[in-house]
Amino acid sequence: MISDRDWTNLLATRANRPDAVRAAYAERRRRPRLLSAHGTLFLVAADHPGRGSLGVGTDPLAMADRRDLLGRLVEALEHPDVDGVLGTPDVIEELLLLGALEDKVVIGSMNRGGLAGASWEIDDRFTGYDADAIRRYRLDGGKMLLRIVDEDAGTIPTLEGCARAVSELAEHGIRAMIEPLPYRRDASGRLVLDRGTAANVRAVTVASALGTTSAYTWLKLPATDEPDRVAGATTLPTVVLGGVPSADPRADLSSWGRALAQPAVRGLVVGRALLYPADGDVRGAVAAAARVLRAANPRAIEVIA
């Protein structure tokens with residue numbers, strides 16, 4: 001929960017002191033390493049509103065109340081096993097001004113132009129952070145969404161934009177986190193995530209090859225029925241995507257656990273399933289996910305600063 005005092009101060013700062021944002025970026029105490037002492041990475045995702053995706057379950061505007069969203073994020077970030085956050089500039093800056101990102105990993109969301117439900121949704125232009133801003137603002141990486149639809153030419157500029165971002169981030173020695181998701185259209189024309197093994201393996205191999213080097217590339221992959229084959233399609237470090245929460249939180253946790261057990265998998269990135277659990281217990285949802293991550297015991301690797 002954001003106190004009345006903190007909320008009033010945040011609104012006043014937004015209105016009267018825009019310079020405070022740049023100062024907050026500059027003064028943030030960064031964590032010296034990306035991975036935790038356990039060799040894992042646990043991030044909370046909060047970049048959904050940036051492309052107009054506000055719904056959770058049956059509530060189409062669940063994420064629309066900014067004070068409520070920030071309160072849930074602050075609560076999640078307070079858990080000691082949560083390493084940081086993935087978000088758009090507005091959300092990241094509000095968390096900075098609230099003092100919630102000290103010693104945390106911060107990944108900036110880069111492409112949000114593929115608005116949810118828009119006719120051009122797959123043509124996902126880069127409208128958030130760019131590589132230079134991520135460097136200047138001292139963030140720990142840049143995330144990009146790559147939805148692949150063979151029948152939609154909007155995939156082409158998105159592929160090109162992601163490749164350019166991977167190259168530019170690598171030039172600065174900054175990690176790129178690509179989220180490659182194969183989609184198809186159903187009979188009504190609605191976009192549907194393809195959870196098939198073949199489609200996800202193909203998406204992994206396409207994403208792995210983007211840019212002029214893959215040295216700094218990480219992948220953010222959904223939990224599938226055959227996580228060994230999907231994660232086995234690359235040597236790149238990967239994190240498990242929480243995705244849209246199902247009606248059964250236990251099934252979600254079990255699915256994440258199977259994916260986390262794969263050798264290349266280093267962690268977990270979850271948004272709505274943790275921030276808006278069905279029972280409203282954010283702290284409990286975060287703790288349950290943390291236990292699954294610990295139990296999966298991804299293989300420790302040399303931690304690179």
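Hi everyone, and thanks for coming. A word on the ground rules: this is a predicted model, where local features need pLDDT of at least 70 and side-chain atom pairs count only at pLDDT 80 or more, while totals for chains, interfaces and linings use all residues. Residues are numbered from 1 along each chain as its sequence is written, and side-chain values use heavy atoms, with hydrogens and water left out.

Let's begin with empty space. Rolling a probe the size of a water molecule over the atoms shows where such space is left. On a 1 Å grid over the protein atoms alone, a cavity is a set of points where a 1.4 Å probe fits but cannot get out; a pocket is an open set with protein on both sides within 12 Å along at least five of seven lines; and a lining residue has an atom within 4 Å of a point. Points are joined across faces, edges and corners, and the volume is the space filled by probe spheres set on them.

How many cavities of 30 Å³ or more does the structure hold? There are two. The largest has a volume of about 80 Å³, and its lining includes Leu221, Pro227, Val240 and Gln262. Strand 7 (217-222), helix 8 (227-231) and strand 8 (238-241) each supply at least two of the lining residues. Helices here (H or I, at least four residues) and strands (E, at least two) are DSSP runs, numbered from the N terminus. By type, the lining of this cavity has nine nonpolar residues, three polar and no charged.

Strand 5 gives the most, with three residues.

Which element gives the most to its lining? That is helix 9, with five residues.

Finally, salt bridges, meaning a side-chain nitrogen of Lys or Arg within 4 Å of a carboxyl oxygen of Asp or Glu. The structure holds 28 of them. In one, Arg66 meets Asp90, with the closest N and O atoms 3.3 Å apart. Arg66 lies in helix 3 and Asp90 in helix 4, so the pair ties together parts that are 24 residues apart in sequence. Arg66 also bridges to Glu94, at 2.7 Å from N to O.

Is Glu94 buried or exposed? At 10% relative accessibility, Glu94 is buried, while Arg66 is partly exposed at 23%. The cut-offs are under 20% relative accessible area for buried, over 50% for exposed and partly exposed in between, with a 1.4 Å probe and protein chains only. Arg14, Arg66, Asp90, Glu93 and Glu94 are linked in a salt-bridge network.

Thanks, and I'm happy to take questions.

Key: Nonpolar A, V, L, I, M, F, W, Y, C, P; charged D, E, K, R; others polar.
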